[in-house]
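Let's take a friendly walk through this structure, one piece at a time. Keep the 3D view open as you read.

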Amino acid sequence: MKTGLAYRLLGVLLLCAALTLATDAFLTVSNLLNVLRQASLVFLLASGVTLVVLTAGLDLSIGANVGLSACVAAAAIKAGAVELGVAAALACGLTIGLLNGLMVTRLHVPPFIATYGMLWVVHGITYWYMAGQTVYDFPEGFRALGSGYLLGLPVPVYLMGACLALGGVFTRHTTYGHEIYAIGANAEAARLSGIPVRARLNLVYGLSGAMAGLASIVYLARLNSAEADIGEPLMLPAIAAILVGGTSLFGGIGSLSGTLVGAILLTLVLNGMNLLAIGANWQPLVTGVIVVLAVWIDVATRRAPAAAGSPVRAE
Amino acid sequence: MPSTGRLTRARALPGVAYLLVVLLVVFSIFGGGFASVPNLLNIGVQSSVLLLLALPMTLIIMSEGLDLSMGALLGLAGVVLAMQLAAGLPLPLALAAALGVGAAFGLANGVLVVALGIPPFVATLGTLGVAQGAALVATGGQSVVGIGGALPALYASAWLGVPFSILVAGLVYLTFHVILYHTRFGTYVFAIGGNREALVLAGVHANLYHVGIYGLGGVMAGVAALLLTGRMNSGHPTAALGMEFDAIAAVIVGGTSFERGNGWLPGTLLGVLAVGVLRNGLNVMAVSSSLQVASIGLLVIVALLIDSARDKTRDKTRDKR
Amino acid sequence: MMTDTRRGRLAPVVVLTGMLISCAQTGDTAGDEIALFTKNQTNPYFQSIRLGAADAARQLDASLVHYVPTRPDSIPDQMSQIEDAIIKRPDAVVFIPVDFQAMVPGVEKMNAAGIPVVNLTDRSAGGQFVSFVGCDDHRLGLDSGLYLLERMGGRGNVIILEGVGGSSNSKARVAGFMEAIARFPDVTLLASQPGNFQRLQALQVTENLLQAYPQIDGVMAANDSMAAGAIEALDAANRQALVTSINGTKEAVDAIKAGKLLASTDCNGFVQGCIGTMVAIRHLRGLPVPAEFQFPQPVVDNTNYGDLDRPDEERSCPSWEGLTEGLLTPDD
């Protein structure tokens, strides 16, 4: 696992070196801070989903989740206070996550279908709720959460750091974390050895939703407005970051730091393409190739055994 | 020959079958014009492209994989088809080019998954990006027009009142039925999902057939491109993005699962029709768009809830004995 | 199979269908029924159009049915909706194609069914229409660009935020921008990138361009949402630049009042929705309508935003006579 992370960090460094040579605009403080900010946002969203993927599950509803949570938060902030908005977003995100967990654990709907169906339902609710409107113009203090700086670093970077630290402790040094990895490696064996699988799955889906709620606040602050389609383009980059970061869809292998490195790598690529004025039409191609390459390196070096689980399986 | 998981006609109907019946009844009663022949034919036409994607997806899912690149591939094949037609190539040759592109990407998927061991989600996410990128770069995001009269005429044609799309979809369905249930390839498909080791031990080149399953998916994206390009009278790079998710949902809702090569082709047809009937019925009833969006999600979830509720009771009654 | 789980199985189904029935709007009011096709549910521009259309329908005693793709801007979705709408036989259709070329067969289907169609906002590449109601996108881009460059003193660096790749509006507006730039030899175009008419994308693109180019004096955005994203990026980076956009939404007016946005050229969704619907209804009632409909497209800055400084819900359609009086028609 450590070697996987090492390869990836090497990849990040090589990419930075290449970009520095390719354009003057890359290696400036402001550009690097921008990259960090953008990567932090992707990481915040992808962190919860990483936990889900560790259990050999999947959460396709995170984009829609961000959309609804941001819109609910926007209305709450306008109606009351910023604190109300933050609470509303977290509550909304968590609720969606717990509903996903409920479908997967109690109702035995495969995660792919449960979260895909939830995606559509949440979109429908968001479209109805927003009725094509935009809610815009939020207080300065709130906006700093997304676009502000603290001691020279963008605020989202601190959130990312906190999430990484807390998440790292959670996954590596608590029983919960160990159990999550065990469930991903072999759910049946985990169940037999007394791990409360259902409860842990509800936990990870709930966390995935809650992190989407948190991410929605930061996106809202950054954009300074809420529209129904805020979350739509966010799902695939988050999942790509998780995959590039070395977390396996079969469960049991991966880490939050991997997801962060994946997010940074992909953000660097997009940043580079923008700075080099490579047309937006090339972006899906380049991203796709990188995802496959990153995973292939893992597979080739790891020689993973045959699939123990699959994201589309029901529990 | 291994027959693990091969299903007989005594199989229980998936929940989506009941939903389909309910939807048909409700829409016939409350949707003025729903139960008319033109509208029912419309549903068939509107569902045919999705069915062409969902059929190979059934095989892929039975082999414990999935293919996320189908929508992007459909777009690319459509663009290739349209460009060749616009350049003056006769329809059969242009179609061959589109099928060729589809097959190439499908085989690439197969090689990535089978030879390199990359998880299907990841491998096909990669080919999705490459196909989408290629289509976007080739067209600049625009439709490709000027495809001449041959394809539109073919698309608009009908035999004994049955539109061309439905004929193609029907033919393809029959072909897949024969492939899956009456050929050696089909048996191997069941086996690859159910008991791969046994197959290899029996001396079969399981890898080749496995790659072939993904290749078949790519070819079908090419065939679907024929229909979609005819429908739009142009090739569009991103028109079909997201359709692969609809196909996966239709397959799983229809009763195929990732477990043990358990696949049921008629179920896929039911899943595709249920979505088509729902969408059409909601439009005919002028239901608001946001409610339509939510309903599509609910359909998928409710169908599986029905299945899981039934499985639970069956297990309970079995335990009671 | 006949166990009491059958009740359990059917319960969610009954609930689902009950919801559908109760929420259906079967238009059975007497009077003309107009079907309005818009591109998506999320872009506020189309909501303005829908509100304008609803107001016009209300004023003229007609009923309005909406068709919006469930997947934003989806071509297959809109194609299916056209077929489904034809089954319902609306009296007339007001149509915005999600793709001005790919939807031509859909328009031809409506033509074949004998349903009169009014083309709104995006000029379709084919098919028969009663009228085209929309802005002159090239003029929008040109006027917007010229205004910006004149305010820049005719010199400096500009960037362009384009719309969606396949959109005819976007292409025409960008062509207008380019023509404006060509008239000022001392102005340099640094970059022209697509923002998909969306806020977040425009924000990220602008952010990256601010890194690539230390000196940006002007931003030409093809719509208000993207301008808002660009303004956020400029604010966050503590950089200054003059920004102009197109659409004339309430949000743009607020930004103009706050001094963040220089100007927005008016291509107003609300009014277009009004006129498109009025044209359809008038056509059904045998009243004369022009085949081409053009709008005055003033550049709205902090001197003349008065009219637009209201949310769409509070606006009402201008009278037909008032509109046709001031408008340019081909006869002028």
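## A strand covered on both faces

In this predicted model, strand 1 of chain C is covered on both of its faces: E33(C), A35(C) and F37(C) are buried on one side, and I34(C) and L36(C) are buried on the other. That accounts for the whole strand, as five of its five residues are buried.

Which strands pair with strand 1 of chain C? Strand 2 of chain C pairs with strand 1 of chain C in the parallel sense, over five bridges, and A35(C) stands opposite V65(C) there. To get from strand 1 of chain C to strand 2 of chain C, the chain passes through helix 2 of chain C, making a right-handed β-α-β crossover. Strand 3 of chain C is also a parallel partner of strand 1 of chain C, this time over four bridges, and I34(C) has A92(C) as its bridge partner in strand 3 of chain C.

## Chain C as a whole

Chain C has 11 helices and 12 strands. Of its 332 residues, 58% count as buried. Among the contacts in chain C between residues at least 6 apart in sequence, 73% join residues at least 24 apart.

The domain assignment of chain C gives domain 1 (33-135 + 269-298) and domain 2 (137-265). The C-alpha centres of these two domains of chain C lie 29 Å apart. Their contact takes nine residues from domain 1 of chain C and 11 residues from domain 2 of chain C. On the domain 1 side, the residues divide into four nonpolar, two polar and three charged.

## Where chain C meets chain B

The contact between these chains takes 37 residues from chain C and 47 residues from chain B. Which elements of chain C each supply at least two residues to this side? They are helix 1 (5-23), strand 2, helix 3 (75-88) and helix 4 (104-112) of chain C. Helix 1 of chain C gives the most, with 10 residues. By class, the chain C side has 16 nonpolar, 15 polar and six charged residues.

## An enclosed helix in chain B

Helix 8 (residues 184-194) of chain B is largely enclosed by the rest of the structure, because eight of its 11 residues are buried. Those buried residues are G186(B), Y188(B), V189(B), F190(B), A191(B), I192(B), G193(B) and G194(B). They pack against helix 2 (37-62), helix 7 (164-182), helix 9 (196-201) and helix 10 (206-232) of chain B.

## A buried leucine and a helix pair in chain A

Over in chain A, L268(A) is found in helix 12 (residues 256-275). Why does L268(A) count as buried? L268(A) is buried because 21 other C-beta atoms lie within 10 Å, and the cut-off for a buried residue is 20 or more. Leaving aside neighbours within four places in sequence, L268(A) is in contact with V12(A), L15(A), C16(A), L19(A) and V35(A). The C-alpha atoms of L268(A) and F26(A) are separated by 9.6 Å, although the two residues are 242 residues apart along the chain.

Helix 12 of chain A also packs with helix 7 (residues 155-173) of chain A, at an angle of about 145° and with their axes 9 Å apart. Here L164(A), G167(A), G168(A) and T171(A) in helix 7 of chain A meet L256(A), S257(A) and L260(A) in helix 12 of chain A. By class, this contact has three nonpolar, four polar and no charged residues.

Key:
Residues are numbered from 1 along each chain as its sequence is written. Chains are lettered from A and ligands numbered from 1 in the order in which they are written. This is a predicted model: local features need pLDDT of at least 70, side-chain atom pairs count only at pLDDT 80 or more; totals for chains, interfaces and linings use all residues. A residue is buried if 20 or more other C-beta atoms lie within 10 Å of its own, exposed if 12 or fewer, and partly exposed in between; C-beta atoms are placed from the backbone. Two residues are in contact if their C-beta atoms, placed from the backbone, lie within 7 Å. Ala, Val, Leu, Ile, Met, Phe, Trp, Tyr, Cys and Pro count as nonpolar, Asp, Glu, Lys and Arg as charged, and the others, Gly among them, as polar. Domain bounds come from an automatic or database domain assignment. Two strands pair if DSSP finds at least two bridges between them. A crossover is right-handed if, with the strands pointing away from the viewer, the path from the first strand over the helix to the second runs clockwise. Axes are lines fitted to C-alpha atoms, for helices over the stretch in contact, and angles run from 0 to 180 degrees between N-to-C directions.
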